[in-house]
Amino acid sequence: MATRRPGPRTGLAAALLVLASALDAPAWGSAGEPAPLKDLDNDLIHGGQLDGRLPTGFKWSPDGSRLAFTRRPVETRTALLQLYEVATRKTVTLSLPGAGASAGEAAPISSFEWSPSSDAILVLSGGDLYLFEGLGDSRAPERPARRLTRTETEEKDARFSPDGTMIGFVRDHNIWVMDAATRGENQVTGGNPEGVSNGEIDWVYEEEFEIREGWWWSPDSARIAYLQFDQRNVPTYPIVDWIPTHPSVERQHYPKAGDANAVVKVGVVQARGAAPAGTPPPTRWIELGADTDIYVPRVAWTADEGTLAVQRLDRDQTRLEVLLCDVEDGAARRILEEFDPKWINVADDWWFPAGGDRFIWGSERDGHRHLYLYDMEGKLIRRLTQGPWDVTDLSAVVEKEGWIYFTSTEKSPLERHLYRVTFDGSSPRRLTGDEGWHTTWVAAAGGRYVDSFSTAMSPPALTLRAPGGALIDTLDEGMSKELAGYRRGKVEFREVPATDGVKLPAMITLPPDFDPSRKYPVLVYVYGGPHGQVVANQWAGARGLWHQMMAARGLVIWSLDNRGMGGRGHAWETPLYRAMGRQELADQLVGVAWLKGLPWVDASRIGIWGWSYGGYMTLYSLLNSPDTFRAGVAVAPVTDWKDYDTIYTERYMDRPVDNPDGYRDSAPLAKASSLKAPLLLVHGSSDDNVHMQNSVQILDAFISSGRPVEFMLYPRKNHSIPGPQSRTHLYEKITSFLTGHLMSPGGKP
């Protein structure tokens with residue numbers, strides 16, 4: 001519950017200088033008069049022309065000499081694979097003409113992986129595999145990719161073996177291995193009945209543990225470790241496609257709070273089996289204990305080819321153990337344990353170096369997430385980071401040079417910066433300088449990194465940096481110049497004291513022609529949930545630009561990060577434990593009270609809107625504080641936590657049988673009769689995350705209570721309601737609704 005060639009002046013400083021000049025000085029027309037600023041609209045914003053979207057999916061070649069990434073041109077929105085060479089600073093496009101695409105168009109790229117030798121890229125497109133080879137040759141982009149598979153069943157999660165001789169992938173819920181030279185295939189897992197999958201992650205693990213891979217090569221390429229998911233006892237939810245004359249139904253395995261989870265096992269199998277032809281080799285199962293009602297959120301090979309590291313998390317998510325497992329006999333021993341009385345947050349911040357005598361571990365044991373160094377017996381060697389701030393990402397380990405790169409909130413919770421520290425914990429240094437939000441991709445070979453930098457007012461720009469932070473090249477200048485010609489609201493940051501003295505971070509977007517002598521309506525944008533952070537000096541994409549458009553039309557936008565959200569340590573998160581909604585609303589109402597004390601705020605015209613957990617908070621706020629808000633918009637909301645998945649919901653609420661009062665009091669569904677304000681409720685019919693069932697249930701309750709609401713359904717759309725037409729339609733609907741209820745018909749205060 002993310003390439004323009006540089007001109008004579010390159011770098012982020014130049015791009016920001018252009019933006020600053022455009023914001024501080026008028027644009028001049030040919031006659032010497034200031035050129036009028038243009039008005040933003042939803043077609044421009046949600047059609048993709050001005051949302052500031054940059055290339056994504058950056059992956060460094062293993063030798064650090066090249067960078068591959070995907071770009072989605074606005075014209076086609078088809079992901080194109082591009083290749084940047086550091087030495088020449090040139091970018092080329094690798095295309096797959098004819099591979100499932102219309103004539104003359106490049107085929108869409110679903111995913112890609114580098115070969116260990118850095119001279120080939122494995123591509124998944126249209127459910128089949130392709131291989132670009134000889135990428136060290138300057139003429140390689142002119143050669144067509146070699147097609148590796150042509151099957152009715154799609155291949156997934158494809159990767160080279162560490163020695164580059166094999167390619168592993170998932171097909172038909174099992175793991176297969178292809179000889180990279182001959183293209184001969186072997187199925188290495190099998191015999192599983194319907195409802196049991198090998199190497200394929202189930203929905204709830206992928207969504208809530210953010211685990212994308214279900215199998216892993218051993219360092220010597222001899223074995224494959226994998227997760228097996230037995231979902232036969234997991235309830236299913238019907239996702240209906242209502243468009244055909246005879247609707248079709250897809251049944252999704254989805255464990256809701258209190259339901260049975262998939263039984264997960266860890267297996268190890270030979271990659272080159274010696275079993276008879278057509279028979280998968282035998283699997284050695286790891287001994288995880290008698291209790292099968294557990295989670296296995298992370299698996300990794302150590303430097304020892306015979307040892308596998310496994311994280312075992314109990315169902316309550318309060319105890320996390322690191323097990324070292326012998327792959328020959330399956331025996332496991334615990335070397336490290338974490339306990340938290342509320343819950344454990346699982347993250348991708350453990351790493352096993354090639355040396356094999358130590359590993360890096362991330363923990364929130366002191367209230368903030370930090371990095372620690374352990375030996376392979378589980379003995380603490382030393383802390384690597386410390387302070388009243390959080391490590392948010394273990395970005396890379398450049399083992400040859402002895403540097404550990406990480407992202408953190410050390411400078412400010414409103415920002416993200418890249419740092420590095422040595423293995424002995426010395427010489428910590430912040431590498432990114434500009435105040436704002438830095439998202440980086442660091443090369444494990446050499447430490448060069450791509451830096452995507454933005455602020456709340458400046459869309460992202462991409463630069464390539466040397467290990468110490470010096471500028472190498474500007475990869476994309478972003479859309480600052482284009483946006484400088486439009487009227488936009490101005491974002492400012494605030495702190496609001498709660499009744500207990502805690503300072504709550506907030507941000508406000510004011511109209512560009514703000515006049516404190518006038519009275520303005522206010523729209524509260526809320527998320528409110530765990531790990532989310534709205535108040536940040538970061539470009540918020542199309543949503544943030546829409547907020548700036550609405551501010552330019554005379555609507556003040558307000559957001560506050562309540563306790564329970566992310567970016568400020570574990571203690572900041574835990575007040576919502578077993579009582580979702582209560583602390584969040586209390587803090588949000590502090591912000592509303594602060595707003596009402598401002599002489600230029602019209603206290604009778606304060607609206608609220610949000611999406612997902614923010615949609616839940618919108619409903620919870622309207623129903624538990626019904627006289628506070630003039631109107632609300634809830635998109636894809638949870639309306640009863642019994643309708644949401646096990647991993648997420650039980651982490652914060654425990655199981656329904658153990659916390660019945662908490663589930664009852666947290667559910668908007670139980671208080672539908674309290675609705676007073678006009679409400680726009682929105683959902684996608686194919687939402688596989690927050691099911692449409694949530695909106696259907698509360699609509700039924702509103703009808704029973706005689707409470708009229710507006711409802712907008714987006715057929716075949718999932719939780720994000722994607723696509724330019726749908727997004728434009730949705731935001732036009734929200735714009736019209738809020739204009740009618742918070743602003744005059746002319747759209748002015």
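**Exercise 1. A strand pair and its sheet**

Y419 stands opposite R430 in β30; describe the sheet that contains β30.

*Solution.* The model is predicted, so that local features need pLDDT of at least 70 and side-chain atom pairs count only at pLDDT 80 or more, whereas totals for chains, interfaces and linings use all residues. Residues are numbered from 1 along each chain as its sequence is written, and side-chain values use heavy atoms, with hydrogens and water left out.

Step 1. Helices (H or I, at least four residues) and strands (E, at least two) are DSSP runs, numbered from the N terminus. Two strands pair if DSSP finds at least two bridges between them.

Step 2. Identify the partner. Strand β29, residues 417-422, pairs with β30 in the antiparallel sense over two bridges.

Step 3. Extend to the sheet. The order β27-β28-β29-β30 makes an open sheet of four strands with antiparallel pairing. Its edge strands, each pairing on one side only, are β27 (391-398) and β30 (429-430).

**Exercise 2. The ring of Y419**

Classify the aromatic pair of F406 and Y419, and state whether each residue is buried or exposed.

*Solution.* Step 1. Apply the ring rule. Rings of Phe, Tyr and Trp (its six-membered ring) pair if their centres lie within 6.5 Å; planes under 30 degrees apart count as stacked, over 60 as edge-to-face and the rest as tilted. The count by this rule is 35 aromatic pairs.

Step 1. Examine the pair. The rings of F406 and Y419 lie 5.4 Å apart from centre to centre, with 10° between the planes, and are stacked. The pair links distant parts of the chain, 13 residues apart: F406 belongs to strand β28 (residues 403-408) and Y419 to strand β29.

Step 2. Buried means under 20% relative accessible area, exposed over 50%, and partly exposed in between (1.4 Å probe, protein chains only). F406 is buried because its relative accessible area is 3%. Y419, at 6%, is buried as well.

**Exercise 3. Helix α7 and its cover**

Compare the span of helix α7 with the expected value, and list what covers its buried residues.

*Solution.* Step 1. Helix α7, residues 582-596, has 15 residues. The expected span of a helix is 1.5 Å times one less than its number of residues. From first C-alpha to last, α7 reaches 21 Å, close to the 21 Å expected.

Step 1. Buried residues of α7 are E584, L585, D587, Q588, V590, G591, V592 and L595.

Step 2. Contact means heavy atoms within 4.5 Å. The cover of the buried residues of α7 includes β35 (490-497), β36 (503-510), β37 (520-525), β38 (556-560), β39 (601-611) and α8 (613-624).

**Exercise 4. The nonpolar core**

Which residues have the most contacts inside the largest nonpolar core?

*Solution.* Step 1. A nonpolar core is a set of buried Ala, Val, Leu, Ile, Met, Phe, Trp, Tyr and Cys residues joined through side-chain atoms within 4.5 Å.

Step 1. The largest such core has 138 residues, and those with the most contacts inside it are Y205, L227, V296, L308, W546 and W609. Its largest share, seven residues, comes from α8.

Step 2. Take V296 as an example. Apart from neighbours within four places in sequence, V296 is in contact with Y205, L227, V264, V266, L288, V310 and Q311.

**Exercise 5. A hairpin and two positive phi values**

Describe the hairpin of β22 and β23, and then locate R89 and R183.

*Solution.* Step 1. Strands β22 (residues 319-326) and β23 (residues 332-339) run antiparallel and are joined by seven bridges. L323 stands opposite R334 in β23. Five residues lie between the strands of this hairpin, and G330 in the turn has a positive phi of about 85°.

Step 1. Most residues other than glycine have a negative phi. R89, however, has a positive phi near 60°, and R183 has a positive phi of about 70°.

Step 2. R89 lies in the loop between β3 (80-85) and β4 (90-94) and is partly exposed, with a relative accessible area of 38%. R183 lies in the loop between β11 (174-179) and β12 (185-187); at 38% relative accessibility, R183 counts as partly exposed.
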